[in-house]
Amino acid sequence: MSAAIAPLGRYPAWCRAGDFIYVSGMSARQADGSVAGASPYDAALQTRVVIDKVRAALAEAGATLDDCVTVTSYLTDMAYFDAYNAVYAQSFNGRAARATVGVAQLPHPDMVVELSVTAYKPEAA
């Protein structure tokens with residue numbers, strides 16, 4: 001697993017269950033523990049970093065963003081929605097169902113965006 005997407009906790013960045021790939025919540029936390037776009041908060045930059053990490057996790061699993069069927073997005077402030085949504089729209093094909101949830105806090109105080117996805121990619125025979 002790439003260090004760029006390796007979680008700090010004891011869980012996988014992604015797992016496969018048959019034809020479905022589940023990507024754990026990804027944030028803008030970097031391998032060195034810092035958070036991209038942290039000071040001042042830059043929701044667009046954090047979203048780009050998060051989507052790049054989701055893309056990398058899916059690539060390890062043999063899938064792409066186009067294979068996503070659900071996306072759950074967490075924002076610590078819904079005032080970030082427009083910046084997040086502009087970046088999101090550049091990356092996803094619009095076919096995935098999506099929920100965007102406002103949350104009080106993410107695991108690090110500098111994180112403002114987190115994404116979790118489910119992709120459908122049939123396993124090779």
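## Overall fold

Read along the sequence, the chain follows the pattern β-β-α-β-α-β-β, that is, 2 helices and 5 strands, where helices (H or I, at least four residues) and strands (E, at least two) are DSSP runs numbered from the N terminus. The radius of gyration of the chain, taken over C-alpha atoms, is 14 Å, close to the 14 Å that the globule rule gives for 125 residues, so the chain is as compact as a globular protein of that length; the rule is 2.2 Å times the number of residues to the power 0.38. Along its principal axes the C-alpha trace spans about 50 × 30 × 20 Å.

This is a predicted model, in which local features need pLDDT of at least 70 and side-chain atom pairs count only at pLDDT 80 or more, while totals for chains, interfaces and linings use all residues. Residues are numbered from 1 along each chain as its sequence is written, and side-chain values use heavy atoms, with hydrogens and water left out.

Of the 125 residues of the chain, 38% count as buried, meaning under 20% relative accessible area, with exposed being over 50% and partly exposed in between (1.4 Å probe, protein chains only).

Leaving aside residues up to four places away in sequence, Leu58 touches (heavy atoms within 4.5 Å) Ile21, Val23, Ala63, Thr64, Leu65, Cys68, Val117 and Ala119.

In helix 2 (residues 81-91), the buried residues are Tyr84, Val87, Tyr88 and Ser91. They cover an arc of only 105° around the axis, which puts them on the same side of helix 2; the arc is that of the directions from the helix axis to the C-beta atoms. Their cover includes helix 1 (43-60), strand 3 (68-75), strand 4 (97-102) and strand 5 (113-120), whereas the face turned away from the buried side carries the exposed residues Asp82, Ala89 and Gln90.

## Asp19 in its loop

Asp19 is found in the loop between strand 1 (14-17) and strand 2 (20-26), and is partly exposed, with a relative accessible area of 28%. Not counting residues up to four places away in sequence, Asp19 touches Ala119, Tyr120, Lys121, Pro122 and Glu123, and its side chain reaches the backbone nitrogen of Glu123 at 3.0 Å.

Methods. A polar contact is a pair of N or O atoms within 3.5 Å; within protein, one must be able to donate a hydrogen and the other to accept it, and residues adjacent in sequence count only if both atoms are side-chain atoms.
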